[in-house]
There are 2 protein chains.
Amino acid sequence: MIEQSSPLQVALAYHRAWTGHDLDRAMEYIADDVVQEAPGGWVEGAAAYRESLAHFVEILERADLWAAFGDDTTAVVVYDTKTTLVESGPGAECVTVRDGKIVHSRLIFDRLPFAQTSAG
Amino acid sequence: MIEQSSPLQVALAYHRAWTGHDLDRAMEYIADDVVQEAPGGWVEGAAAYRESLAHFVEILERADLWAAFGDDTTAVVVYDTKTTLVESGPGAECVTVRDGKIVHSRLIFDRLPFAQTSAG
């Protein structure tokens, strides 16, 4: 029997990868048919997910993990981000994990300061 | 020895109270010197906290709990809200609990749809 990583382990490994600017490694934890409920709408499929993540990783300067919890199916990761656009942009991700990969993600963050920056 | 409620129990009781429009009961779980890091800035003290919460509860139509986890000091609650202004406004709260009350809270939600509504 192969031991399966827990949803929390998967979520944290994913988190470490993308906050470390390692997109290839981050995508190893994302299912091909992933669905992300993001503030701007749904992101469907790994290709669209990667594109969306790449945009954010490009401007990411650092991330600080605030909290991470999980059970047999779900994990929640809460963190702050510092980007070239916004000094503090906290985020929360509530993910469903199946066979070691994130199949569903609910991403919560405040778009307003980012919108104000692009408008400013 | 009096058994102390866990941070998760406190966070959930607080969540049930305010989503049930019971402000008085909700405030029983908030410490007098609470500090909330909200998207719009810091909210300091129970009076300011109550005022801020009251504004939101006033427009709240329903809330759905998505996930809730905790340990000995901290809890995270993730949920969706339906308000008179925005059809779906997900939120995440990462709270620190001491002596059965929330002393620190990090609130994450997307202000953009609310800002667009007030502007529209």
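Author: In this predicted model, the largest pocket holds about 530 Å³ of space. A pocket here is an open set of points on a 1 Å grid over the protein atoms alone, with protein on both sides within 12 Å along at least five of seven lines, whereas a cavity is a set of points where a 1.4 Å probe fits but cannot get out; lining residues have an atom within 4 Å of a point. Grid points are joined across faces, edges and corners, and a volume is the space filled by probe spheres set on the points. Residues are numbered from 1 along each chain as its sequence is written, while chains are lettered from A and ligands numbered from 1 in the order in which they are written. Local features need pLDDT of at least 70 and side-chain atom pairs count only at pLDDT 80 or more, while totals for chains, interfaces and linings use all residues, and side-chain values use heavy atoms, with hydrogens and water left out.

The lining of the largest pocket is made of 26 residues, and those nearest its centre are B:Pro39, B:Ser52, B:Phe56, B:Leu107 and B:Phe109. Several elements of chain B give at least two residues each to this lining, among them helix H1 (7-19), helix H3 (46-59) and helix H4 (112-119), together with strands such as E1 (30-38) and E6 (101-109); helices (H or I, at least four residues) and strands (E, at least two) are DSSP runs, numbered from the N terminus. H3(B) provides the largest share, with five residues. Sorted by class, the lining of the largest pocket has 17 nonpolar, seven polar and two charged residues, where Ala, Val, Leu, Ile, Met, Phe, Trp, Tyr, Cys and Pro count as nonpolar, Asp, Glu, Lys and Arg as charged, and the others, Gly among them, as polar.

In chain A, the second largest pocket has a volume of about 440 Å³, and of the 23 residues that line it, A:Ser52, A:Leu53, A:Phe56, A:Leu107 and A:Phe109 lie nearest its centre. The elements of chain A that give two or more residues to this lining are H1 (7-19), E1 (30-38), H3 (46-59), E4 (74-83), E5 (91-98) and E6 (101-109). H3(A) gives the most, with six residues, and the classes here are 14 nonpolar, seven polar and two charged.

The largest cavity holds about 50 Å³, and its lining includes B:Ala11, B:Tyr14, B:His15, B:Trp18 and B:Glu93. H1, E4 and E5 of chain B are the elements that give two or more residues to this lining, with H1(B) supplying the largest share, four residues. Its residues divide into seven nonpolar, one polar and one charged.

The second largest cavity, with about 30 Å³ of space, is lined by A:Ala11, A:Tyr14, A:His15, A:Trp18, A:Val77, A:Glu93 and A:Val95. H1 and E5 of chain A each give two or more residues to it, and H1(A) has the largest share, four residues.

What remains is the place where the two chains touch. There, 22 residues of chain B are in contact (heavy atoms within 4.5 Å) with 22 residues of chain A. About 1,800 Å² is buried between chain B and chain A, and carbon and sulfur atoms give 77% of that area; buried area is the accessible area (1.4 Å probe) that two parts lose on being put together, summed over both. B:Trp66, B:Phe69 and B:Ile108 supply 35% of the area that chain B buries against chain A, more than any other three residues. Two salt bridges are counted between the chains, a salt bridge being a side-chain nitrogen of Lys or Arg within 4 Å of a carboxyl oxygen of Asp or Glu. B:Asp110 forms a salt bridge with A:Arg111, and their closest N and O atoms are 2.7 Å apart.
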